[in-house]
Amino acid sequence: MAIKKSPLTKASAKLKPKLKKKTKPKIKPTSPLKKKPIVKAKKATAPVATISMQQVKEVIGLIKDAGHFNTFSYKTPEFEIEIEVGNKRSPEVSSSINLVGVAQTTTPQATLVSKSRSQAGHFEVLSPMVGTFYRRPNPTSPPFVEIGSKVSANTPVCIVEVMKLLNTIAAEHAGTIIDICVTDGATIEAGQVLMVIEL
Amino acid sequence: MLKKPVTQGPSAPFQMIDVTLRDAHQCLWSTRMTTAQMYPALDNIDRAGYGYINILGGAVFDVMVRFLREDPWKRMAFLSRELETPTDALTRGQSIYTFELFPDDVVDLNIALLAESGIKVLTVYDALNDNRNITSSIVSGKKQGMLINAMLTYALSPVHDDAYFVARAKELVDLKVDFISVKDPTGLLTPERGATLFPALVAIAKGIPLKLHSHCQSGLAPLVYEEAIKAGFSYGYVATNCLANGASLPSVTEVLASAARLGRAPKMNLSALQEVDDYFAWICTRDSLPQGKKLAYDPALYEHQIPGGMISNLRAQLATLGIAHREQEILEETAQVRKDLGYPILVSPFAQYIVTQAVLNVMQGERYKTIPDEVKLYLRGHYGKLAGQASAEVMARAGVEYDPSQRPGDFIKPALSNLRKQWGKSVSREQLCLHAFYPSNLALGLHDGTLVALKQGKQLEPFAELMKYLVQGKDFSRVKTRFGSVELSFSY
């Protein structure tokens, strides 16, 4: 047992959603990491053993103090435990979780963003921030505007949700909506063209 | 009938109110404590000698519904039944558990249900300290025979001087509340401020017992509690040691020691307190949940005033938006926005409004080019009176007029008769109330967490607890254990 401090258990904890209380191991039938509890009951005549919470805490204290180990074993007449880290964990878990992380950070960059390409006589309504685009004041209402709608400067044309707050965006210029560039509910970038108004 | 509290004054014991089942995990575990996690601790919490036990707050109800998917009504009734110590539930007045305003009939139904579930103390506050937002709650609570604990929300600004809080406290005295609390959500109180503010409040309260509810972000809360004890406050909100400190409240044993030193220690059962603490320390280990840590004094807190829990949330949001590197600018802008908006208190939901406005200002490179709808409503006085005055620039940019003449609850039409029509006569009042708060995908399908708790039991089975720890996703490839006649092994 190498007594070398390493954030081994911490690193593994990161791979799991925190704050989820699990009373049973989750068993995914297709996962190669399936936990296989094999409970072997021995003779029923064995004396009733007791272990206290204090002992449980002591054992866990020892496991934690051991830090980076290959095998851990603890034995008393009524209780024993052996833990192995030896066989490398299947790489799938960490890599699949990494992939999710990478995907999340790269998606916004990968999204095709129609940046401003102003033309004379046209005004582009731009997104103030990274957020979510909504065409309706609430899910059951009709959209604020359609292609062809006439708007004045203070006509609300859409809602951009930023950090859970709703920002009603006004047309800013009078004219006719000739393009709605984003679908309802889509994630948008700062400066992205949302609508085009013909002045 | 409930006995009225008579213990007060400079020599009476300074009683403790437990927040372990409420604010402690709200601050440290993102409010994720389950009923099953609470159950084994209840007997010892009950024996410990607390004056009251706080079991509900806005975030607890909301997180139960949104994330734990536990039925809050079932938990409330269960805890009040299991605990002999009177229980205390906190609501945000007209906003109840969320941040939107609700009509008086929904406020009334919610409080009736709380009372029926066995809650004895209704604690209520308004984030703007506009006491018109808590009057309907007070009326409903009194009708139900509950004791009313009204809170003043503390903040630091040129307009939040002692006279401001004394004026708000006077309003509460006139509303004939049973307790007045000082709620310091960000831990901004200092002992020096307490030394002037607390005696002034004791004087205006004219015998109504006072309570202190302060958080530990600045590290000063234990000293602030000492000032409250000296000034003649009657109660302090505290948490079990391992879930105290940090963004949470002070530790019960620390405040108890202060009270003892000042000759006002209540009688408490120290071994019960220790057992409660051992239990929750174990849950932290078993379920990989954080304990509270003492924080060093942080002067920056007094500048941006953003609550600890919200800072971590903000950092996560900024990272998602890809603007984590501009945090410092955003924090500085937060102070400016707060001033421009007339010094709203940085507490939910206004903290979110201010921070979002600051992010918009910084990112757009122009102040108030975009103003969230919620901020415009705030500026109109829709949520209540503003503590200070919003700047002319903001009002012009928002294009709204400030008019606080109407009580915010009056803007909202009664909702229950329509909900009854929609959901039918047979639906329970508890379920109807959930429908008033949430869309049906959230309001329906909640599970009964008390059944999980009962199935688990209130005694910890050491071997089972060890297994819970071991199967929790540690980096173990193989575990083999034998306990008496039982052998168990698993591998990955």
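In what order do the four strands of the open sheet in chain A stand? The order is β4-β11-β9-β6, and the pairing is antiparallel. Strands pair here if DSSP finds at least two bridges between them. The strands themselves are DSSP runs (E, at least two residues), just as helices are runs of H or I with at least four residues, numbered from the N terminus.

Before going on, a word on the model: it is predicted, so local features need pLDDT of at least 70 and side-chain atom pairs count only at pLDDT 80 or more, while totals for chains, interfaces and linings use all residues. Residues are numbered from 1 along each chain as its sequence is written, and chains are lettered from A and ligands numbered from 1 in the order in which they are written. The model scores ipTM 0.70 and pTM 0.81. Chain B averages a pLDDT (the predictor's confidence in each residue, from 0 to 100) of 93, and 97% of its residues score at least 70.

**Chain A**

Five bridges tie β4(A) to β11 (residues 193–198) in an antiparallel way, and A:H122 sits opposite A:E198 in β11(A). Overall, chain A has three helices and eleven strands. Of its 199 residues, 20% are buried, meaning that 20 or more other C-beta atoms lie within 10 Å of a residue's own; 12 or fewer makes it exposed, anything in between partly exposed, and C-beta atoms are placed from the backbone. Contacts are pairs of residues whose C-beta atoms, placed from the backbone, lie within 7 Å. Among the contacts in chain A with a separation of 6 or more, 58% are between residues 24 or more positions apart.

**Chain B**

| Domain of chain B | Residues |
|---|---|
| domain 1 | 15–286 |
| domain 2 | 301–409 |
| domain 3 | 463–491 |

The centres of domain 1 and domain 2 of chain B, taken over C-alpha atoms, are 26 Å apart. Their contact takes 27 residues from domain 1 and 22 residues from domain 2.

What about the nonpolar cores? A core is a set of buried Ala, Val, Leu, Ile, Met, Phe, Trp, Tyr and Cys residues joined through C-beta atoms within 7 Å. The largest has 168 residues, and B:I180 and B:L201 have the most contacts inside it. Helix α16 (residues 350–364) of chain B gives the most to this core, with ten residues. Domain 1 (15–286) and domain 2 (301–409) of chain B both give residues to the core, so it lies between them. Leaving out residues up to four places away in sequence, B:L201 touches several residues, including B:F165, B:V182 and B:L210. A second, separate core of ten residues includes A:I81, B:L466, B:M467 and B:F476.

Finally, look at the hairpin of β9(B) and β10(B), with two residues between the strands. B:G484 in the turn has a positive phi of about 55°. Six bridges join β9 (residues 478–483) to β10 (residues 486–491), which run antiparallel, and B:K480 stands opposite B:S489 in β10(B). Is B:F483 buried, exposed or partly exposed? This residue of strand β9 of chain B is partly exposed, with 19 other C-beta atoms within 10 Å.

Definitions and conventions
Contact = placed C-beta atoms within 7 Å. Domains from an automatic or database assignment.
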